[in-house]
Amino acid sequence: MGISVSGQQMKNIILIGPAYPYKGGIAHYTCLLYRALAKEHNVEVISYKMQYPKFLYQKEQRDYRNNMFCIEGAQFLLHTADPINILSLGTKIRKRNPDMVIMQWWHPYFAPCYWLLGKALGNGIQKIFICHNVFPHERFCMDRFLTRMALKQGNAFIVHAKSDAEDLLTIKKDADFKYNPHPTYHAFQARNLSKKQARDLLQIRQDQKMLLFFGFVREYKGLRYLLQAMPAIKRKLSGVRLMIAGSFEDDKENYRQCILEQGIADCVDIVDGYMPDDEVEKYFAACDLVVLPYESATQSGIVQIAYGFKKPVIVTDVGGLPDVVENGKTGYVVEAKNVNALAEAVIKYFEEGKEEEFVQNVQKEAWRFQWERLVEKIESFQDENADLQAPKYKESDK
């Protein structure tokens, strides 16, 4: 085993999770974590041969339109619903004697898969779970049992929200975990568009005050409260506009009806559909403020995309969102489901001319969200447990 450029002993790491062409923020995360780890270590990425069965997720799971998050050499080997495949892959990984296996965790659907994989890997390999959320956003009756079943296979954990650390300890009281804020997504800045250029592309006037709600539209993300806040915002701020850019579930018409009832159809734009990676930039570059009116949350990659574009945010006081937003400095933290508080925060931002101050504060806080800090936390697990490693796989173990 060699020495990395930082002087750290190079490790052999297997990183398991969704990778391009799979869609979504966790696939982006896998790529950016891989790039950060690969600067110092030998990293092999294993993604899914089958991620979700179609009866559970009927939309297209892959997007080939842009490869900016492509991982060269990624292997698509893991079939999440095939026990023979899972056990076979676990045995193959075990034979390679990696120093650690890092698995992405975000939903109990993966519990049987990761439970079997953990059993096949055995006790001699350090298994680290990165918990994007310990429990799912939309809870169901078996989620706690399934989550415990899977995560008890882990030796160590990364959590991105303090609330997730609390949840983790309810199912694994002795969990060895480290808290690290969700790192920033800079990679979407492919063209370095200015605000003017982005607004020209979106055909938005330069003098308008643009709010952005971005990402999958689900009930827990609280878009309805932002729509209900828009009349008060519109009365106070001339030229305000809300851009909703993201894929709706089955209730798009309900949101359209809400827009009509609130009398805000003239200042709300909807761009419905999954956003290709190379289209993300223009929306964030064009906006003044990113709004996350969530009813519940653990953490959010949307905040970190916003910070990557040096954009302030308004978030609610749920989950890990207050952990990453300095209230009154990099944005505002308001009470969840409070329409008046949401409206007042937006109005205050523009009336008090906070843009320059907040943008500077976002830049000052950037060090907190570097991928290198996450890599250091992951490395420290191996260092702490170096003397506790069980014997690794030998040919005689067959």
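Helix α3 (residues 111-121) lies across β1, β2, β3, β4 and β5 (126-131), running at about 170° to β4, where helices (H or I, at least four residues) and strands (E, at least two) are DSSP runs numbered from the N terminus, and angles run from 0 to 180 degrees between N-to-C directions of axes fitted to C-alpha atoms, for helices over the stretch in contact. Contact means heavy atoms within 4.5 Å. This is a predicted model, in which local features need pLDDT of at least 70, side-chain atom pairs count only at pLDDT 80 or more, and totals for chains, interfaces and linings use all residues. Residues are numbered from 1 along each chain as its sequence is written, and side-chain values use heavy atoms, leaving out hydrogens and water.

**The sheet**
- Seven strands form an open sheet in the order β3-β2-β1-β4-β5-β6-β7, with parallel pairing, and two strands pair if DSSP finds at least two bridges between them.
- The edge strands, each pairing on one side only, are β3 (75-79) and β7 (177-179).

**Strand β1**
- Strand β1 (residues 12-16) runs parallel to β2 (residues 42-50) and is joined to it by five bridges, while four bridges join β1 to β4, also in parallel.
- Ile 14 stands opposite Val 101 in β4.
- Because four of its five residues are buried, β1 is largely enclosed by the rest of the structure; buried means under 20% relative accessible area with a 1.4 Å probe, counting protein chains only.

**Confidence**
- The mean pLDDT, the predictor's confidence in each residue from 0 to 100, is 92 for the protein, and 94% of its residues reach 70 or more.

Definitions and conventions: Buried < 20%, exposed > 50% of the residue type's maximum accessible area, 1.4 Å probe, protein only.
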